[in-house]
Each structure stands twice: as C-alpha cells, then as structure tokens.
Amino acid sequence: MSTNGALLEVTDLTKHFPIKQGLLFDRTVGHVKAVDGVSFQIAEGETLGLVGESGSGKSTTGYCVLQLLKPTSGSVRFMGRELTELGREDLRRMRREMQIVFQDPYASLDPRMTVGDIVSEPLVVHGVGSRRARRETVRGLLEVVGFNPEYTNRYPHEFSGGQRQRIGIARALALNPKLIVCDEPVSALDVSIQAQILNLLKDLQRDFGLTYLFIAHDLAVVRAISDRIAVMNQGRLVEVGPAAEVYSSPQDEYTRALLAAVPVPDPRKMKERKEERRRVAHVLAEAAEEAALADE
Amino acid sequence: MALLEVKNLHTHFFTREGVVRAVDGVDFELERGRTLGIVGESGCGKSVTALSIMGLIPKPPAKIVEGQVLFEGRDLTELDEGELEDVRGRHIAMIFQDPMTSLNPTLKIGTQLTETLRRHLGMSKDAARKRAIELLEEVHIPNAAARLDDYPHRYSGGMRQRVMIAGAIACNPKLLIADEPSTALDVTVQARILDLLEELRKAHDMAMILITHDMGVVAEAADEVAVMYAGQLVERAGVQDLFDRPEHPYTEALLGALPHVDEEHVRESRLTTIPGRPPNLVDPPEACRFGPRCPYASLNDSCTQVEPQLRELRKGHWVRSAHPASERAGVPAEVGA
C-alpha cells in the first residue's frame, strides 16, 4: 500500500494524442490533451465515480490507469507499485488485480466463444487451476453474478443486454481482482435492468471488498454507487469530493451546469431546474461552439 | 375534434418466427399545441407506434392489422403512398434519435434543407435558400447564411440535431413527432435541444409527440404521458398526476427503479428492480401482459384469465390493470417505495 493507505493513487496523469496532417508524410501539428494533469486516490473498498461528458477524457483516464493506454506522463501507483515503470511480465502479473467491465455488452464479448470460454479465458491466460477446477470456478462465478450456470455452452447472442453484462462482470471477477474499472457499465441498458446491474455491483463490492473506478456520464447512476465523485471536463478534474457534497453544493461552475442539465423525474422540480440551467449554461462547450461559429 | 386520435392501434410484424405483436392496443388523443410523452423500455412498441402514425412501417413484414389513426378526422391508415407523402413533412414531421445518420454526409446543409421546401411548398431556388437561412436562425445556429454551405461533418451532434429540427419545422407542421431526439447527446446538449423544441412548439403552435425511455425528459417536456409496456398502452395521464399518483404497477416499478440525482442515502440502499423480463411479443401472456411480473397479481386472480382493458380511473387518468394503486387500499405498496 502507499503511504496514505490508498489502493490506487494517480498523480499528474496526462495523455496526449498527436494530431497528424499531410497526405504523404505525416506531420504532427499539435496534440489533443485528452487527459491533462489528473490526480486522485481511491481507498480500498471504495467507489470513485468519474463523471463527465463525451470527450472529457474520463474513459482515457480509466485506460491509462490500467495501462491499456500508455500515459504520456504522470504516476499511477497501485497496491504500492508504480505501474508506469513496470516491465511487460510484471505488468501482466499485476493485471490479475485490476480488471475492466466495458459499456457495450454487445461488442465486448467475442461472439464465437461460449459463455464458459469467455469467463474462463482470464484463468487460462494466467494459468490458474486445472481444466476441471476452472470449470467449477466458472460455474461459481456465473452463479455469483446471477447468471444460470447451466448456460455455459451457449453463445452471447442468445442473451439480452443485461445478461451479457453479467457475463462481462463474471469475466472481470474471475481472477479475484482488487480493482475493477467500470466504463459506462449500465448506459446501454434499460432502466429496470440497469437497477439490477447496479445492485449486483454493490453486492459484489460488499461481498468481495472490491474497489471501483466507476466511469459514467449519467449523474444519477453515478450517485447511486459512488462514495466520492470526480468531475472531469476537457481533460481536467474540476472537482473531487464526497458524493453528497458534490451533488448538494457543487463548488465548480461546470459541475453546477452539468447537474442542472440532468432531467429529474419530477415535473415540479423540473421547472426550477430549467431556470437554473439557463443561468449556468454559458460555461458549457456548446455555448463556446456557438460563439466560435458566430465569429467565423 | 382532437388533432390526432389513435384508436385501438395494432401493428404486427409477420416474420418467420411468427407474428410479432409489436403494437397491440394503443389509444390516445392529442389536442393541438400539446405535448404527449410516450415512455417505455426497449421493445415496448413506442417507436413502432410513431412509425405507424407516419405510415413509415416497413411493409412487409409489418402491417397495421387493426385500428385507426385519425389526423384532423382523416384516417391515415386508409391513404395511399402519394397522399401519405403529402401529409408527411407538410402536416406531420418527424425527427429521429441519431442526427449523425439522418443527414446525408455528401450534401451541403443548405441543399438538404431547400430540398424539402422545394418539394413540399414548390418554392423557387432563391426563395428556398432565403427560407433555409431563416430556419437555421430559428434553431439558433449562428452565422446561418454562411453555415448553409457547410457539410454536416462540420457540425457537432447537437448542432446537427438542430439542423434536423429546422428541416422538420420547414413546412410549419401541425404535429412534430420526436423519437428519442436527445438520447445520443450529452445531458447539457440534450437540455438545450429540449428547450429549443419547447420554444418552437409554442412559436408554431405545434403539437408534439415525444418518444423517450427517460422519465426525466418526460417530466420536463410533456403535458401528458402515455406509458407503454409490451406493445400496449398501459397508463395515460396528465404529467403531474402521473408522477404524483402513478396507478399501473409497471409505472410504479419503473419510477422506483430510477436512481435520483438529488436523493440522499442512495449509495447505501438498493434500487428497486422489476423481477423477470418483458414477454416475447410472438407469444405474449393471454391476459395481463405485466401479470407474470406484477407483485399484486395472485394466482386465481381475474387478471390472469381476462385481459384488462384501458379504463378511465379518474378524469383524464387511464390505466390498463386490475390492480391500480388507488384501488389497492390496505395493500402495502412495496413497489416504487
């Protein structure tokens, strides 16, 4: 563990993507600063909700934490080790402790693999257990996520979005990780299914002491599962704090505008919110775009 | 006379797997200048309802097997394709979820807008261009005259949806059907699109059907709400009444399953879920379609034998259930709590 007891400690993380131009010879003409100096910590067993709009850099941050994308600079300390300095083999070993659940349960499961193969793949890759032991583990995992273990020989297309997301979660759990990065895990699902998956993630966290970095654009969903909230805008964290505080008294102007824009299922409250959002709309990207268009 | 009256609409898809009863009992009226929100989860038939009204369902495999769509008293299901084309765009316009795919990437914005004007209103090239600039200004696209010669890729998602809206209102339709108009957009952009729709609806005295899966969007934008489940309209009421006193067990459950952005202690508690899944619409339950998932339906209940009909529980509040909340006096209402 790190000095202050955090499981994950991200400091000054940046990720820049080059902008290339030219037909024959690529020239780098500039950089998109997708992640631009992000720092946060997550304690063991805690959920940090990372919210922001599309293009804010929240998913890129998640990928950089897992070293699925190589950060341009900055430090990612996980379980006391500096991930950005690890060699291939060390990193591979660390991957057992950190897994990811993706947004789109239709795209993130190989359609040619059976459910059993999908869930056992991480076990095979890391050489865990015998064939027979793995089969037992897979059954157990599927049961834990509320997926009928009788269906291990079926294929993903036979299942609904919610069921597929359960398969994805079972796969993420297979190696008994400490940290799971959840990248928009419920945004492709219907409301009633979304509630089931959120409850499942909460139960798993309680039962296995999991730590989540929960990335999502839906502020209501994030609130339902997060202890602390980090709000991201244009590659930077504009506000980090305990969920109740961020939601009830947002300090940053952008956080306020984002919160005001969320429609709530209450016609009376909606009237007030419309007023509020007109007051704060000027900080938003579209307002900037309009201004830029008007200047051309 | 209501502007639009949908009576006992049934749209079925005749497929190899059997007859999919995608829309199987939808009734509503819409007055001039009002907004009806149609809300429900994927596959409930809300989009097929809209496409049926517009005469845009793919035939085959789909067919309106029963019911009427009366627009200003005229049954649109009886019209031939030529007559329908005249109604579409001119009197009823529609915008879709994805502004990225509904615009032609190879044509300038101006060309796409003037096409509609020339086709439906027989405008000259110059007049159409002038009107197109006005339309872009109306949807608050700055520097409209210059933007007309841009291709769609120069616009962001929100701006493209505004172009789509400009095209939809070009002929001053009496009814605008918006199918998930803000779903693909960020919440902040969504808010502005909803504001724009509201503004235009007032300015043009349009009626609007807003199709969405988002109860928040309904609460914000609709005057009346229709909740759909498994192809049927299961509840219809004024927006305030629906949120204050939901009657159908499904509506209650749906509201209960929503996490709220302004709810304290939601982190520690569990969200209410609805057990099971919606039925397969090739072979839906004989009686109440929500029956198998309903916490109030008991085994020898009439609603497991006979299909409940849509009935007016109190003025303007319609429900299709044998166990609406207000008739469950004494029964602890667990769902939605």
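## Basis

The model is predicted: local features need pLDDT of at least 70, side-chain atom pairs count only at pLDDT 80 or more, and totals for chains, interfaces and linings use all residues. Residues are numbered from 1 along each chain as its sequence is written, chains are lettered from A and ligands numbered from 1 in the order in which they are written, and side-chain values use heavy atoms, with hydrogens and water left out.

## The A–B interface

On chain A, 50 residues are in contact with 51 residues of chain B. Contact here means heavy atoms within 4.5 Å. The two chains bury about 4500 Å² between them. Carbon and sulfur atoms carry 52% of that area. Buried area is the accessible area (1.4 Å probe) that two parts lose on being put together, summed over both.

Six salt bridges are counted between chain A and chain B. A salt bridge is a side-chain nitrogen of Lys or Arg within 4 Å of a carboxyl oxygen of Asp or Glu. A:Arg268 forms a salt bridge with B:Asp244, with 2.9 Å between the closest N and O atoms.

## Chain A's side

Helices H6 (191–208), H7 (219–225), H9 (253–261), H10 (267–280) and H11 (285–295) of chain A each supply at least two residues of the side that touches chain B. Helices (H or I, at least four residues) and strands (E, at least two) are DSSP runs, numbered from the N terminus. H6(A) gives the largest share, ten residues. By class, the side of chain A that touches chain B has 24 nonpolar, nine polar and 17 charged residues. Ala, Val, Leu, Ile, Met, Phe, Trp, Tyr, Cys and Pro count as nonpolar, Asp, Glu, Lys and Arg as charged, and the others, Gly among them, as polar.

## Two buried serines

A:Ser192 lies in helix H6 of chain A. A:Ser192 is buried, at 2% relative accessible area. Buried means under 20% relative accessible area, exposed over 50%, partly exposed in between (1.4 Å probe, protein chains only). The side chains of A:Ser192 and B:Glu41 make a polar contact of 2.9 Å. Not counting residues up to four places away in sequence, A:Ser192 touches B:Glu41, B:Ala257, B:Thr273, B:Ile274 and B:Arg293.

A:Ser226 sits in the loop between H7 and strand S9 (228–233) of chain A. A:Ser226 is buried too, at 1%. The side chain of A:Ser226 reaches the backbone nitrogen of A:Gly49 at 3.4 Å. A polar atom of that side chain lies 2.8 Å from the backbone oxygen of A:Val222.

## Aromatic pairs

The structure holds six aromatic pairs over all chains. B:Tyr229 and B:Tyr250 form a tilted pair, 4.5 Å centre to centre with 50 degrees between the planes. Rings of Phe, Tyr and Trp (its six-membered ring) pair if their centres lie within 6.5 Å; planes under 30 degrees apart count as stacked, over 60 as edge-to-face and the rest as tilted. Both B:Tyr229 and B:Tyr250 are buried. In chain A, ring pairs link A:Phe147, A:Tyr151 and A:Phe159 into a cluster.

## Helix H1 of chain B

Seven of the nine residues of H1(B) (residues 46–54) are buried, so this helix is largely enclosed by the rest of the structure. B:Gly55 follows H1(B), with a positive phi near 70 degrees.

Technical notes. A polar contact is a pair of N or O atoms within 3.5 Å; within protein, one must be able to donate a hydrogen and the other to accept it, and residues adjacent in sequence count only if both atoms are side-chain atoms.
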